[in-house]
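Good morning, everyone. I will walk through a few places in turn.

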Amino acid sequence: MHAITLKEFGAPDVMQWTEVADPRPERGQVIVDVAATAVNRADLMQRQGFYPPPPGASDTLGLECSGIISELGEGVHDWKVGDKVCALLAGGGYAEQVAVPSTQLFPIPGKLDLHAAAALPEVASTVWSNLVMFGGLRSGHVVLLHGGGSGIGTHAIQVAKAFGATVAVTAGSREKLDFCASLGADILIDYKNEDFVEKLPDGADLILDNMGAKYLGRNVNALAKDGKLITIGMQGGLKGELDFGALLAKRGTVHAAGLRGRPETGASSKADIVADMTARLWPLIEEGAVAPIIHAELPITEAADGHRLLDADAIGKVLLRVS
């Protein structure tokens, strides 16, 4: 089969589409013939040498895919060859085939296009595990989403609105803010010219943050009483200073959670997230309340251009079509 490999770490052009060994399914895994994968910021970081895959994971880029099951490993009984699926991966999506634990497979929701479904697993799992499973998202909550125009942001807006929350977003352009408004965002904040703390005088019950250190103090100030700050990215740095006095006054929670390194099964596992999403989020997608937002779709051989698009602040997801 063919897959994207890295000649070295660096700029997008270090990626090349080359022949590699076919994957073989271990016990509990299936082989998926990949229809499409998607570009995530973690892929850009791995390409540059800043985000190695967890132990045992494929070193091929790609944290999600859609496709058709072509082979079952020993012990897999809930799926069959020919099933159309999308999948949450620890790596390996930029390829013609990938081995996936069966517990990380989703059915294609409703009549959604097979290729479009590749836009769902990574962002949906990130949003659902943090806002819903940990954050307890519910009607009446005020939710602040940093990077509202991103793949995470555009998905989170829809989920939060489906739950009846008031949604505030930050973005750096009028185009992105207008798009967020079209998805239902209620409070639009231009982070280049406006202070999100001032725009939320009563605070936010949940903050989903991709910036890390740079926004730590201001995020705490933006919390409502008993609010939860959930950090999922470090685009603004790794180390920040935390004012415990401010946090105590808010009775606030600061939480940080990655997805890629979670165990396949057991406590806080990908299997638990996938099962909960299939039961509770997938019906929202089937009824049209939540939909993948796709900025562009390119052939996998143009993966470098896909990385450039995401780095240029695409709105929503960039897909790479494999077959």
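**A walk through the model**

Let's start with one asparagine. N130 sits in helix 2, which covers residues 121-134. Keep in mind that this is a predicted model.

Is N130 buried or exposed? Its relative accessible area is 3%. Buried means under 20%, so N130 is buried.

What does its side chain do? The side chain of N130 reaches the backbone oxygen of T126, at 2.8 Å. Now look further along the chain. Leaving out residues up to four places away in sequence, N130 touches G135, L208, I230, I232, H255 and A257.

Next stop: a glutamate. E297 is in strand 14, residues 294-299. Its relative accessibility is 34%, so E297 counts as partly exposed. Which residues does E297 touch, again not counting those up to four places away? They are H115, L319 and R321. Take R321 from that list. The side chains of E297 and R321 make a polar contact, at 2.7 Å. Also find V318. In sequence, E297 and V318 are 21 residues apart. In space, their C-alpha atoms are 5.9 Å apart.

Now, salt bridges. How many salt bridges does the count come to? The count is 15. I'll show you some of them.

Start with R24 and E71. They form a salt bridge, and the closest N and O atoms are 2.9 Å apart. This pair links distant parts of the chain, 47 residues apart. R24 is in the loop between strand 2 (15-19) and strand 3 (29-39). E71 is in strand 4, residues 64-72. What about accessibility? R24 has a relative accessible area of 56%, so R24 is exposed. E71 is at 25%, so E71 counts as partly exposed.

Next, K161 and D186. They also form a salt bridge, with the closest N and O atoms 2.9 Å apart. Again the pair links distant parts of the chain, here 25 residues apart. K161 belongs to helix 3, residues 151-162. D186 lies in the loop between helix 4 (174-182) and strand 10 (187-190). K161 has 30% relative accessibility, so K161 counts as partly exposed. D186 has 41%, and counts as partly exposed.

Now K80 and D83. Their side chains meet in a salt bridge, 2.9 Å from N to O. Which partner is buried, and which is exposed? K80 is at 53% relative accessibility, so K80 counts as exposed. D83 has a relative accessible area of 16%, so D83 is buried.

One more case, with three residues. D13, D305 and R308 are linked in a network of salt bridges.

How much space lies in the second largest pocket? About 650 Å³. There are 33 residues lining this pocket. The closest to its centre are G56, A57, S58, G91 and A99. Which element gives the largest share of the lining? Strand 6, residues 97-101, contributes five residues. And what classes of residue line the second largest pocket? The lining has 17 nonpolar, nine polar and seven charged residues.

To recap, go back to two residues on your screen. N130 is buried in this predicted model. E297 is partly exposed. Thank you.

Conventions. Residues are numbered from 1 along each chain as its sequence is written. This is a predicted model: local features need pLDDT of at least 70, side-chain atom pairs count only at pLDDT 80 or more; totals for chains, interfaces and linings use all residues. Side-chain values use heavy atoms; hydrogens and water are left out. Helices (H or I, at least four residues) and strands (E, at least two) are DSSP runs, numbered from the N terminus. Buried means under 20% relative accessible area, exposed over 50%, partly exposed in between (1.4 Å probe, protein chains only). Contact means heavy atoms within 4.5 Å. A polar contact is a pair of N or O atoms within 3.5 Å; within protein, one must be able to donate a hydrogen and the other to accept it, and residues adjacent in sequence count only if both atoms are side-chain atoms. On a 1 Å grid over the protein atoms alone, a cavity is a set of points where a 1.4 Å probe fits but cannot get out, and a pocket is an open set with protein on both sides within 12 Å along at least five of seven lines; lining residues have an atom within 4 Å of a point. Grid points are joined across faces, edges and corners, and a volume is the space filled by probe spheres set on the points. Ala, Val, Leu, Ile, Met, Phe, Trp, Tyr, Cys and Pro count as nonpolar, Asp, Glu, Lys and Arg as charged, and the others, Gly among them, as polar. A salt bridge is a side-chain nitrogen of Lys or Arg within 4 Å of a carboxyl oxygen of Asp or Glu.
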